[in-house]
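Welcome! Have the sequence and the 3D view ready, and let us work through some exercises together.

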Amino acid sequence: MLNVSNIIINMSDTTNLDDLPSLHYLNLSNNSISHVENLANLPKLETLNLAGNKLTEVAGLQGIAERQSLKTVHVSQNYIEDGEEYMAFWEKALPDVQCLYLHQNPCSRTLKNYRRRMVSSLKSLRWLDDRPVWEIERVGAEAWAIGGKEA
């Protein structure tokens, strides 16, 4: 068994990761990955970088939900177009995620109130895309989620 805590891998899918139970950080950026799976056997995984791959649908991200230990996820610079499904996925898959990089996907340009919606729905979120989530922003986003702009 390979005992590593950080690894960078070049591959086109996420199979054959079973022998890495001590892994904390997995960088799979800039590969040709279109579907994430087989993360269940990585109990210590906290950071997953999938930036710059070929993810086109939220269904391709479902394997992320297998790994509730994830605190940081990079999915920027992919090809995801369904913004509403993309937004809903994170609250269901990783409700306790702390750091997300989701920008630079085609859907990012068309999502209305994207940041407010993400901050109000993910209570543990501390960083989103290119900046931190401050407590005052969280209070405002949660008020907005309850009562709209007037709140």
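This is a predicted model: local features need pLDDT of at least 70, side-chain atom pairs count only at pLDDT 80 or more; totals for chains, interfaces and linings use all residues.

Residues are numbered from 1 along each chain as its sequence is written, and side-chain values use heavy atoms, with hydrogens and water left out.

**Exercise 1.** Find the buried residues of helix α1 and say where they lie on the helix.

*Solution.* Start with the cut-off: buried means under 20% relative accessible area, with a 1.4 Å probe and protein chains only. Helices are DSSP runs of H or I, at least four residues, and strands are runs of E, at least two, numbered from the N terminus. In α1 (residues 83–93), Gly83, Tyr86, Met87, Phe89, Trp90 and Ala93 are buried. Seen down the axis of α1, they fall within an arc of 155 degrees (taken from directions from the helix axis to the C-beta atoms), so they line one face of the helix.

**Exercise 2.** What covers these buried residues of α1?

*Solution.* Look for contacts, meaning heavy atoms within 4.5 Å. The cover includes β4 (72–74), β5 (99–101) and α2 (114–121).

**Exercise 3.** Is Ser76 buried or exposed (over 50% relative accessible area)?

*Solution.* First locate Ser76 in the loop between β4 and α1. Its relative accessible area is 7%, so Ser76 is buried. Leaving aside residues up to four places away in sequence, Ser76 touches several residues, including Leu50, Tyr101 and His103.
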